[in-house]
Amino acid sequence: MPLPVPEDAFSEGMPEREGASVQETFELFSALAPKGWRVELIEGEICVVPPANGEHEEIVTEVVEQVIARRVDRELRNFTGIGLSLPGATDTVRAIPDLVIAPKGSFDDQQEWHGPDPVLLVAEVTSSSTASRDRVQKIRAYARAGIPVYLLIDREAGEAVVCSGPSGDDYGHKSIHKLGTVVPLPHPLGFELDTSAF
């Protein structure tokens with residue numbers, strides 16, 4: 001989705017629009033994005049996503065509540081709005097997952113973008129504007145980064161897809177569950193997610 005950029009937004013020291021690199025343009029869009037909008041850089045494409053709708057946020061909140069109630073490791077924390085810097089095929093990927101699960105203190109700094117090493121699970125809840133990226137490009141990015149579990153709540157398909165065993169550009173194991181059923185999350189989470197509220 002294109003983000004309108006006001007003509008007066010370009011002050012001295014900012015790159016000209018013509019000839020700016022993808023990274024410079026990404027940084028400019030990130031700086032100018034209205035509050036609540038997400039700007040990501042996925043496989044060389046700048047993705048500008050508006051704030052999520054209520055149903056999307058209800059699902060994210062339900063997953064967060066279940067993780068808090070069912071986690072075995074009491075040091076695990078839920079993070080929303082955390083920027084991850086991931087290895088890409090050619091350039092660095094900048095992604096902001098809907099949910100990140102990592103140990104307490106994993107992002108206790110002033111950085112805007114964080115390495116993926118402490119991340120145990122990322123989750124994405126599809127929207128009509130993000131579904132294709134969530135199903136394809138983000139699987140590749142999260143697998144390349146070695147993130148153990150990728151949970152995709154695919155609202156359009158009515159499915160929860162659990163990807164585990166990252167290897168290269170993909171995950172070695174993918175299990176697909178209809179929304180409304182109980183979804184087992186593998187190690188290091190090791191509990192069941194009830195999707196009946198989705």
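These legends describe views of a predicted model of the protein.

**View 1. Overall fold of the predicted model.** Four helices and 13 strands make up the secondary structure of the protein. The radius of gyration is 17 Å, close to the 16 Å that the globule rule gives for 198 residues, so the protein is as compact as a globular protein of that length. Along the principal axes, the C-alpha atoms fill a box of roughly 55 × 30 × 30 Å. Of contacts between residues at least 6 apart in sequence, 50% join residues at least 24 apart.

**View 2. The largest nonpolar core of the protein.** This core has 24 residues, and those with the most contacts inside it are Leu84, Leu86 and Ile147. Two or more residues each come from β4 (83-86), β5 (93-95), β6 (99-103), α4 (137-144), β9 (149-154) and β10 (159-167). The largest share, four residues, is given by α4.

**View 3. A second, separate core.** This core has 23 residues, among them Val60, Val149, Val162 and Leu189. In soluble globular proteins, nonpolar side chains tend to be buried together.

**View 4. Surface and charges of the protein.** Of the 198 residues, 43% count as buried. The accessible surface comes to about 10,100 Å², and 49% of it belongs to carbon and sulfur atoms. The protein has 17 positive and 32 negative charges, whose mean positions are 5 Å apart.

Methods:
Residues are numbered from 1 along each chain as its sequence is written. This is a predicted model: local features need pLDDT of at least 70, side-chain atom pairs count only at pLDDT 80 or more; totals for chains, interfaces and linings use all residues. Side-chain values use heavy atoms; hydrogens and water are left out. The radius of gyration is taken over C-alpha atoms; the globule rule is 2.2 Å times the number of residues to the power 0.38. Buried means under 20% relative accessible area, exposed over 50%, partly exposed in between (1.4 Å probe, protein chains only). Contact means heavy atoms within 4.5 Å. Accessible areas come from the Shrake-Rupley method with a 1.4 Å probe; for residues, only the protein chains shown count as cover. Lys and Arg count as positive and Asp and Glu as negative; His and the chain ends are not counted. The place of a charge is taken as NZ of Lys, CZ of Arg, CG of Asp or CD of Glu. A nonpolar core is a set of buried Ala, Val, Leu, Ile, Met, Phe, Trp, Tyr and Cys residues joined through side-chain atoms within 4.5 Å.
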